[in-house]
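Have a look at the model first, then read on.

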Amino acid sequence: MADSIMSKAATMEIPINSNGDTGTLPEDDSLEQDLQQVMVSGPNLNETSIVSGGYGGPAGGIIPTSTIKGPAVRFNPEYLDRRRAPAPGPDIRMKSRGVGMPRSQSAAGRLAQQTQQHPGSSNHNASNSTEEVSRGVAVEKLDSVKKWGINTYKCTKQMFSERFGRGSRTVDLELEAQIDVLRDTKSKYENILRLATALISHFQSMVQTQQALGDTFTDLSQKSPELQDEFGYNAETQKLLCKNGEALLGAINFFVSSVNTLVNKTMEDTLLTIKLYENARLEFDAYRSDLEEMSLGPRDAATMVRIEMAQHDYQIHRDKYERLRSDVTIKLKFLEENKVKVMHKQLLLFHNAISAYFAGNQQQLEQTLIQFNVKLKPPGSDKPSWLEEQ
């Protein structure tokens, strides 16, 4: 019986894959252990013989074998004991015949599969966190767009209601009067800037003409001996007028620069705050009208919830409106003080410089420039340098 089992084990087919390793066997641990103990590496079976004790052959007969390349076989006594009490599971003969059964995974295969699963799980967690962040950003954007749409609709409705005389608006008469005065003042100061800039342009052309005329008189005084004194006097006069004209241009430029700062920076900043105040006033009136309309309707449970939400929004926009109204009041006060201080100095400079120039009082003109810290630019400083021209 042992010899027959050995013969069957020797002739059992062992599947070999392309790499020379044993193929994946069905899920049976007992069979794996049996094969590991029966199939033991040993010398080659070339030109050896197997003693057959069964299958109807003669007793003690020797059956010559052909050239066989494979592992040697030896008898294992424990093998029979395990065969008599097989572990519960599918039939081994069904497995050896290749009947389709669920295949097992070796330890190496399972380890490789787990190794492949761990990086994937970390990547999956990272992708999930990224998706959650992007989803949160998208929800925030959607909420902001929704709030902006509701606010725009209510403000547009309020604006048209006020324009067609159907809605009421909050008015601060004293503050509105100050805002109107500021806008009118800014418009007039902008006109002063335009006229003063035009005066600079025309006067600069006259100074350049006087300078050219003085150079011409100087050249003619050298080339005309009989009129040398006359050309010389006129050349000196034109050069003196040109020098005084440059001093006056410096004073007027200083005047224009200071007024420009007052108009286009200080006043513009106050007007920007006024614009924010007017927008806050429109929003406040829009939410106030919405709350009044809800208060006049029925008072069921759903309506009371909406009224509470409208009351909350109304209070928020009311606080914003009052805060910006206070800011506008403070800025208007400081703007008025700054305007008086700046214009008092600049108007005095403009008057003294113009009077001294046309009176021909060079000394007074120079004292005026020193008094108001007006620094004259050297001739040719406005022209670009040679490197800038290149």
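This is a predicted model: local features need pLDDT of at least 70, side-chain atom pairs count only at pLDDT 80 or more; totals for chains, interfaces and linings use all residues.

The chain holds ten helices and two strands, and from the N terminus the elements go α-α-β-β-α-α-α-α-α-α-α-α. Of the 390 residues in the chain, 25% are buried.

Let's zoom in on α9. Which of its residues are buried? Leu 365, Thr 368 and Leu 369 are. Looking down the axis of α9, these buried residues fall within an arc of 95°, so they line one face of the helix. On the face of α9 turned away from the buried side, you'll find the exposed residues Gln 363, Ile 370 and Gln 371.

So what covers the buried residues of α9? The cover includes α7 and α8. Two packed helices are described by the angle between their axes and the distance between the axes, and here are those values for both pairs:

| Pair | Angle between axes | Axis distance |
|---|---|---|
| α7 (residues 228-296) and α9 (residues 362-371) | about 25° | 10 Å |
| α8 and α9 | roughly 160° | within 8 Å |

Take α7 first. Its axis and that of α9 pack at about 25°, which makes α7 roughly parallel to α9. The crossing of these two is left-handed. On the α7 side, the contact is made by Leu 240, Lys 243, Asn 244, Ala 247, Leu 248 and Ala 251, and on the α9 side by Gln 362, Leu 365, Glu 366 and Leu 369. Sorted by class, the residues of this contact come out as six nonpolar, two polar and two charged.

Now for α8, which spans 301-359. The axes of α8 and α9 cross at roughly 160°, which makes α8 roughly antiparallel to α9. The crossing of α8 and α9 is left-handed. Here Leu 349, Asn 352, Ala 353 and Ala 356 of α8 meet Gln 364, Leu 365 and Thr 368 of α9. This contact has four nonpolar and three polar residues, and no charged ones.

What comes after α9? The helix is followed by Asn 373, whose phi is positive, near 55°.

Conventions:
Residues are numbered from 1 along each chain as its sequence is written. Side-chain values use heavy atoms; hydrogens and water are left out. Axes are lines fitted to C-alpha atoms, for helices over the stretch in contact, and angles run from 0 to 180 degrees between N-to-C directions. Helices (H or I, at least four residues) and strands (E, at least two) are DSSP runs, numbered from the N terminus. Angles under 35 degrees count as roughly parallel, over 145 as roughly antiparallel, 65 to 115 as roughly perpendicular and the rest as oblique. A crossing is left-handed if the near helix is turned anticlockwise from the far one by less than a right angle, and right-handed if clockwise. Contact means heavy atoms within 4.5 Å. Ala, Val, Leu, Ile, Met, Phe, Trp, Tyr, Cys and Pro count as nonpolar, Asp, Glu, Lys and Arg as charged, and the others, Gly among them, as polar. Buried means under 20% relative accessible area, exposed over 50%, partly exposed in between (1.4 Å probe, protein chains only). The arc is that of the directions from the helix axis to the C-beta atoms.
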